[in-house]
Amino acid sequence: MRRLACWLLDSGPVLVLAAIAGAGSFTHIHDTASEHGQTGWMAWAVAVCVDLTCVMAARERQRDAKTGRQRSGPVSWPTLVLAGGVVLSLAANLHQAEPSVWGWLVAATPAGAFLIAVSMLERRAAASRPAPAPVTVTASAAPVPTSPMPELTPADPDGSEAAAGPSPALVTFARRVADEHHTQHGAPITPELLRARLGVSDQLAADLLRTLHAVPQTAR
């Protein structure tokens, strides 16, 4: 209840101003439409269309500001629609005015008050949005497989290394590293990167790449 009361005290005057200004502009548009052939319900329809277009455009501007949507040109489409609606409303107000300076000023008051109310609501909506957190861009390294490094070469039963080339486990491990690099960067891994990732010699990295190119991926 207390929050509602605070909201009414804070936003109530602005909403009342917008409603009164809209009503005054609505009456002037209706009278102008009636005088120019739009009689009956069509005069009311014209007035409703103009005023609701202004309200819709104002709400769309607030929504764009809230979501951070960028305009595609120098003026956004909702702003252009709002300006057109206000010009139509102002023209109707001036048409109904007494042909004097004070008459024009008084008749233009509803349209001006509506613009002031819209600007106040947009200002409050902008103030209530939290400031965006700064984005820090850092160069991320390629993901390193978490599985342990396999043996470099197949071992004999007595523990001595054979000279038959890389072990199948190391080839499988190197293929996974190469696939991850290709997925992330869209290019095959180089011998230098493979050597750095696996911590092997230049010769063994070159042998592993030759093995990967020679053995089809489906044969894993």
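Modeller: Angles under 35 degrees count as roughly parallel, over 145 as roughly antiparallel, 65 to 115 as roughly perpendicular and the rest as oblique. What you see is a predicted model, in which local features need pLDDT of at least 70 and side-chain atom pairs count only at pLDDT 80 or more, whereas totals for chains, interfaces and linings use all residues. Residues are numbered from 1 along each chain as its sequence is written, and side-chain values use heavy atoms, with hydrogens and water left out.

Biologist: How many helices and how many strands does the protein have?

Modeller: Helices (H or I, at least four residues) and strands (E, at least two) are DSSP runs, numbered from the N terminus. Read from the N terminus on, the elements run α-α-α-α-α-α-α. The count for the protein is therefore seven helices and zero strands.

Biologist: What share of the residues of the protein counts as buried?

Modeller: A residue is buried under 20% relative accessible area, exposed over 50% and partly exposed in between, with a 1.4 Å probe and protein chains only. Among the 220 residues of the protein, the share that counts as buried is 28%.

Biologist: Is Ala43 buried or exposed?

Modeller: Ala43 has its place in helix 2, which covers residues 41-67. Contact means heavy atoms within 4.5 Å, and, not counting residues up to four places away in sequence, Ala43 touches His30, Ala33, Ser34 and Gln38. Because its relative accessibility is 0%, Ala43 counts as buried.

Biologist: What distance separates the C-alpha atoms of Ala43 and His30?

Modeller: His30 lies in helix 1 (residues 2-35), and at 13% relative accessibility His30 counts as buried. With neighbours within four places in sequence left aside, His30 is in contact with Ala43, Trp44 and Ala47. Ala43 and His30 are 13 residues apart along the chain, and their C-alpha atoms are separated by 5.1 Å.

Biologist: How are helix 2 and helix 3 oriented to each other?

Modeller: Axes are lines fitted to C-alpha atoms, for helices over the stretch in contact, and angles run from 0 to 180 degrees between N-to-C directions. Helix 2 and helix 3 (residues 77-95) pack with their axes 8 Å apart, at an angle of about 150°. The two helices, helix 2 and helix 3, are therefore roughly antiparallel.

Biologist: Which residues of helix 3 does helix 2 meet?

Modeller: On the side of helix 2, the contact involves Val50, Thr53, Cys54, Ala57, Ala58, Glu60, Arg61 and Asp64.

Biologist: Which residues is Val118 in contact with, leaving aside its neighbours within four places in sequence?

Modeller: Val118 is found in helix 4 (residues 101-128), and at 8% relative accessibility Val118 counts as buried. The C-alpha atoms of Val118 and Cys54 are separated by 9.6 Å, although these residues are 64 apart along the chain. With neighbours within four places left aside, the contacts of Val118 are Ala58 and Leu82.

Biologist: What span is expected for helix 5 at 1.5 Å a residue?

Modeller: The expected span of a helix is 1.5 Å times one less than its number of residues. Helix 5 (residues 168-185) has 18 residues, and the 26 Å from its first C-alpha to its last is close to the expected 26 Å.

Biologist: What covers the buried residues of helix 5?

Modeller: The buried residues of helix 5 are Leu170, Val171, Phe173, Ala174, Arg175, Val177, Ala178 and His181. What covers these residues includes helix 6 and helix 7.

Biologist: How are helix 5 and helix 6 oriented to each other?

Modeller: Phe173, Ala174, Val177, Glu180 and His181 in helix 5 meet Leu193, Leu194, Arg197 and Leu198 in helix 6. The axes of helix 5 and helix 6 come within 11 Å and cross at roughly 120°. Helix 5 and helix 6 are therefore oblique.

Biologist: How do the residues of the contact of helix 6 with helix 7 divide by class?

Modeller: Helix 6 (residues 191-198) and helix 7 (residues 202-214) pack at an angle of about 115°, with axes 9 Å apart. In this contact, Pro191, Leu194, Arg195 and Leu198 of helix 6 meet Asp202, Ala205, Leu208 and Leu209 of helix 7. Ala, Val, Leu, Ile, Met, Phe, Trp, Tyr, Cys and Pro count as nonpolar, Asp, Glu, Lys and Arg as charged, and the others, Gly among them, as polar. The contact of helix 6 with helix 7 divides into six nonpolar, no polar and two charged.
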